[in-house]
Structure formats: C-alpha cells, structure tokens
Amino acid sequence: MQALTGDSNLARWARLTLVACYAAMTAFAGVFAMPPLDRDESRFAQATVQMLESGDFVTIQFQDDERNKKPAGIYWLQALSVSAFSSVEAREIWAYRLPSAFGAIVAALFTYAAGARLFGPGAGLLAALMLAASPALAGEATIAKTDAMLLAAVTAAQTSFIQIFGAIVEGRRSPRLWALVFWIAIGVGVLIKGPIILMIAGLTAAMMAFYRPKADWVAGLRPVTGIVILILMIAPWAAAIHEATDGRFFAEAIGGDMLAKLGEAKESHSGPPGYYTVLVFVLFWPAAALILPGLRAAFNDRRTWASWFLIAWAAPSWLVFEATATKLPHYALPLYPAIALMAAHAIVSGVSGKWVGLRRFGAAIYLVVGLMFAALIVALPVYYQQAPLKPYCFTIAATIALAASLIATLFWKGRQTEGALGAILLSSTVAWTLLCGVLPNLGQLTLSPRLSEAIGAAGLHPLRNGADDVILSGYYEPSAIFLLGTQTILANGRTAAEMLSNSNRAAVIEGREDAAFKTRLDELGEAAAAFAEVGGVNYSNGKSVTLKIYRMTPQSPNHQDAK
C-alpha cells in the first residue's frame with residue numbers, strides 16, 4: 001500500500017503504472033471484438049485507407065468525395081498505426097482504433113498529473129481511474145475517430161496550464177517544459193479536431209483572468225514560443241490542403257460543418273437544454289454519485305485557484321455545448337477530467353459524505369443507471385441476437401445489478417472512497433461485458449461483416465479473391481465500403497443490373513431495389529441468381545434490411561467463369 005500512498009519516486013511510478021495499465025485494460029475492451037461501426041468510424045477508417053492507397057496525406061476523401069470536415073491529424077495517426085501493425089489490404093479495424101485507445105491512456109495519465117498537482121496524489125489517482133473506467137471513454141477508445149485523442153490533447157494542455165499557473169501563484173518560476181507541452185498539445189488538438197481545444201483553453205484562460213488579473217501567468221505560458229510552435233505544426237498542412245482543394249476545405253469545415261452545427265441540428269443530432277447534464281450521470285457512471293458533491297465542493301472552495309481552475313475548465317465550455325443546436329453525447333467528453341477531479345477532491349477532503357441529501361440522491365442515481373446497464377445486457381440480445389439467449393446473460397446482468405446495489409449502499413452510508421473504488425471496478429466490468437461480449441454477438445446488427453463474409457465465401461471478394469468491384473444498391477453504409485474496397489460501386493437497382501452483366505462480381509441488392517434490378521435484367525435478357533441473403537437491422541437508421549447477393553448465372557449469355 002505504501003507504494004501507492006507514499007510520495008517517493010517509486011510511489012509516483014507505481015501510481016502512473018497503475019493508471020496506465022487500468023486505462024489500457026478498459027480502453028481495449030472492444031478494440032479487437034467490435035466490427036466496423038457506422039457511420040463515422042467507418043468513414044474515418046475508409047478515408048485513412050485511401051490515404052494509404054493513394055500516398056496522398058494532404059487531402060481527405062471518402063471514395064470520390066472530399067471529406068472536408070476535420071483536419072488530417074487523426075488520419076495520419078491511423079495510417080501510422082495500420083502501417084506498423086497491419087496492412088491496408090487486411091481491413092482490420094482494430095489497427096485504425098489503436099490511436100483512440102492510446103488517447104484514452106494518455107488522458108488518464110494527464111488527469112492523474114493534474115489531480116496530484118491540485119489536490120495530492122490520492123485525488124489524482126481516484127480521478128484518473130474514474131475517467132478511465134467511464135462508459136464514455138471506454139466507448140470512444142473503441143472507435144476509430146477523433147474524440148479520445150482530442151481528450152488526450154485537451155487534458156495534456158489543461159494539465160500544463162495547471163502546472164504553470166500553480167508555479168506563478170506560488171511565486172516560483174514556471175517550468176519551460178510545461179509550456180512546450182501546452183502548446184504542442186494545443187497544436188495536436190487543432191490537427192485532430194480544429195478549434196475545439198482553442199475554445200476550451202481560451203475560455204479557461206478568460207476565467208482565470210478574473211481570478212488573477214495580473215498577467216504574469218500569461219508570460220509563463222510563453223505565448224511567443226507557442227505561436228511559433230503552432231505555425232510550425234499547423235501551417236504546412238493548412239497551406240497544402242488550401243491549395244489542394246482551392247480553399248474548399250476551410251470553407252466547408254468551418255462554415256459547413258462547425259458553424260452550421262451551432263444554429264441547426266445536423267443529421268438529426270439534436271437535444272434539449274440540459275442534454276449533457278443528464279447524460280453525464282450515465283456516461284460518467286463511476287462518478288455518478290459524486291458529481292453533485294464534487295460540484296458543490298468546488299463552488300464552496302472557489303476562492304482557491306485549484307477549484308476555480310476546474311470550474312473555469314468545465315463551466316463555460318459546458319454552457320457552449322448545451323447552447324449548440326447539434327448535440328452528440330461525446331461532445332462534452334473533454335470536460336470530464338475536470339468533473340472527475342472535482343469528485344475526487346470531494347472524496348479526499350472528506351466533504352462528499354457530509355451532505356446527506358446530495359449523498360443519498362447521488363447513490364440513487366448511481367443505482368438507477370446501474371440497473372439500466374444490467375437490463376441492457378439482457379435486452380440487447382433479446383432484440384438483436386440471432387441465436388437463442390444464453391442463460392449466462394441473466395446471471396451476468398443479475399450480478400451487475402447486485403453489485404450496483406451494494407455500491408449504491410456504500411454511497412448512501414457515506415463510505416465514498418469504498419463506493420468510488422467499487423464503482424470504478426464495476427464500470428470496467430460492464431464495459432468489457434458490453435463491448436467484448438454482448439455487442440459483437442448481436443447478429444442482426446452486423447450486416448456489413450456478414451455481407452463481406454458471404455461474398456468472400458463465394459470467391460467474389462475484391463480484396464480477398466481479386467474479383468471485380470462489388471455493387472451496392474440500396475445499402476450504402478460506409479462499413480460495407482471499408483470492408484469490400486474503395487472502388488465499391490454505389491448504384492440503383494437498374495444500374496446494378498447493367499453493371500452485373502458480363503462481370504465477375506457480386507451485386508448486393510436491398511429489398512426496395514430488388515424489383516427494379518430484376519426488371520432491368522429481364523430487359524437485358526440476362527439471368528442472375530441470389531447465392532446468399534443477409535438480413536437484420538441497420539442501426540444507423542433503425543430500419544429492418546434484407547440484402548440479396550447476386551451473381552451472373554451460367555445460363556446467362558454474358559456469364560464469365562469466376563476467376
């Protein structure tokens with residue numbers, strides 16, 4: 001125990017090792033088990049595929065369309081990961097996810113460093129473990145897109161800010177190293193997801209200016225050095241993408257993507273005011289019983305720079321996210337480390353258990369969310385699994401419900417430290433159960449992987465068998481394009497019939513296009529046979545889907561023998 005509670009170098013390394021290992025354990029819960037997800041993950045992965053295939057690491061494309069939404073940073077990291085651990089031909093989605101898992105680990109480590117500096121190593125350790133075990137981070141670590149890496153960049157920048165501001169307040173010289181980390185993290189965040197990190201750090205700085213109007217801490221950030229670092233990191237790619245797209249990238253990324261989301265809900269991603277406030281109790285479940293006590297403790301202690309910094313980190317950006325028309329659950333993730341640090345400080349300082357009303361209300365919220373997760377473990381297979389429900393699903397769900405009840409009891413009785421540790425362990429268990437056990441086995445939701453397997457078994461897979469490019473008609477999900485190849489053809493039923501003629505390829509025809517497909521074949525005097533049928537639910541839109549996979553028949557005048 002001394003290795004964790006002491007303040008020796010050995011103790012610090014022990015805590016860092018624990019945080020890194022625990023974060024890695026949770027981050028990798030679904031990395032290898034989950035199939036490619038629609039739609040954002042597969043769009044990111046497919047754009048990375050095309051960078052590797054073309055050798056063009058400036059422009060971002062999804063098939064023939066420019067993908068002018070996010071900067072190239074995450075694609076570069078994914079390309080590096082695929083080149084190091086897999087190959088572009090293999091289409092192994094886990095290789096594209098490794099940067100996200102790495103981002104989760106880095107975010108947890110910097111959360112520990114921030115907590116140790118603000119409130120001591122015990123608070124840093126609890127905050128880091130709560131963040132690492134949270135459903136929000138476990139989910140984002142599994143997905144090959146930007147948000148886990150953005151979280152890592154934001155947490156690194158804010159931790160550096162804490163180190164610099166703390167040194168100035170205490171009358172010490174601010175460390176140059178932390179200023180370098182701050183600006184490099186800002187540059188990485190911009191290359192990953194544009195100006196989001198600038199908003200969070202900028203609003204934090206504005207709030208800190210109220211606490212300390214004297215500008216000595218600004219000098220500690222070394223802004224001139226920072227500007228040089230940002231120019232060196234961002235300007236070369238910015239100039240190259242501007243030239244390559246004739247300015248379309250910035251016009252579409254800023255005007256068509258970022259600013260448009262502020263006033264109008266894009267792709268039906270909307271939510272009422274308070275959307276993120278309600279979701280945080282679910283997505284940050286390990287801290288659900290501690291969020292309100294943490295917020296109250298921070299507010300009561302707001303005259304100290306440490307608590308004021310956490311308020312400055314979370315509050316203004318939270319209001320911006322709540323006011324934005326387009327809402328997605330992960331948007332508020334970069335603010336979770338601040339909430340984790342507030343909650344951990346409330347535990348370590350002993351105040352979280354003193355407010356009986358908040359304590360019991362938090363315990364009740366924790367229990368309700370836990371029972372929801374337990375129910376989900378049974379409900380998802382009932383609705384979406386093709387095989388009969390296994391008895392062990394009920395056993396696991398009942399065990400999780402019982403464990404959540406016992407942990408809620410600890411919170412109810414004011415045993416906050418024990419409750420937090422139990423909540424951390426249980427949340428990771430739930431993440432593994434859902435991401436590694438339940439979700440990958442929901443047969444009705446795995447349309448694209450089953451489609452790819454059926455085409456490969458017939459010897460018509462472009463990547464595995466060298467067949468002609470597959471035609472998709474009516475089912476255009478990015479995961480199918482990622483698994484079947486960049487040149488996958490998207491067409492309506494009539495055009496699919498025309499392109500199937502005289503080819504060694506498969507045509508995937510969704511039910512609504514089937515009649516037009518067959519009619520056009522008859523008009524052409526061709527014959528095609530469905531050699532497989534894949535059915536299920538397209539979770540991107542919630543609709544039932546039936547996909548028939550056709551090939552030319554031997555009786556067809558233009559039939560070619562399979563290669």
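The following legends describe close-up views of a predicted model.

Local features are given at pLDDT of at least 70 and side-chain atom pairs at pLDDT 80 or more, while totals for chains, interfaces and linings use all residues. Residues are numbered from 1 along each chain as its sequence is written, and side-chain values use heavy atoms, with hydrogens and water left out.

**Figure 1. Overall dimensions of the protein chain.** The protein chain holds 25 helices and seven strands; helices (H or I, at least four residues) and strands (E, at least two) are DSSP runs, numbered from the N terminus. The radius of gyration, taken over C-alpha atoms, is 26 Å, close to the 24 Å that the globule rule (2.2 Å times the number of residues to the power 0.38) gives for 563 residues, so the chain is as compact as a globular protein of that length. Along the principal axes, its C-alpha atoms fill a box of roughly 85 × 60 × 45 Å. Buried residues (under 20% relative accessible area, with exposed over 50% and partly exposed in between; 1.4 Å probe, protein chains only) account for 55% of the 563 residues.

**Figure 2. The nonpolar cores.** A nonpolar core is a set of buried Ala, Val, Leu, Ile, Met, Phe, Trp, Tyr and Cys residues joined through side-chain atoms within 4.5 Å. The largest has 135 residues, and those with the most contacts inside it are F161, I186, W285, W313, Y336 and Y366. Helix α8 (residues 147–169) gives the most to this core, with twelve residues. A second, separate core of 20 residues includes L447, L460, V470 and V545.

**Figure 3. Surroundings of Y366.** Contact means heavy atoms within 4.5 Å. Leaving aside residues up to four places away in sequence, Y366 touches W285, A288, A289, A404, I407, A408, F411, A423 and L426.

**Figure 4. Helix α19 and its packing.** Helix α19 (residues 391–412) has 22 residues and reaches 32 Å from its first C-alpha to its last, close to the 32 Å expected at 1.5 Å a residue; the expected span is 1.5 Å times one less than the number of residues. Its buried residues are C393, A397, I400, A401, A404, I407, A408, L410 and F411, and they pack against α18 (356–384) and α20 (416–438). Just after α19, G414 takes a positive phi of about 90°.

**Figure 5. The five-stranded open sheet.** The strand order is β4-β3-β5-β7-β6, with mixed pairing; two strands pair if DSSP finds at least two bridges between them. Strands β4 (489–490) and β6 (528–538) form the edges, each pairing on one side only. Helix α25 (residues 511–524) packs on the sheet, where it touches β3 (471–473), β5 (507–510), β6 and β7. The direction of α25 makes about 125° with that of β5; axes are lines fitted to C-alpha atoms, for helices over the stretch in contact, and angles run from 0 to 180 degrees between N-to-C directions.

Figure 6. Ten bridges join β6 to β7 (residues 543–552), and the two strands run antiparallel. The bridge partner of N538 is K543 in β7, and V534 stands opposite L547. Four residues lie between the strands of this hairpin, where G542 takes a positive phi near 75°.

**Figure 7. The site of T26.** T26 lies in helix α2 (residues 9–27) and counts as buried because its relative accessibility is 0%. Apart from residues up to four places away in sequence, T26 touches A132, A133, A138, S428, A431 and W432.
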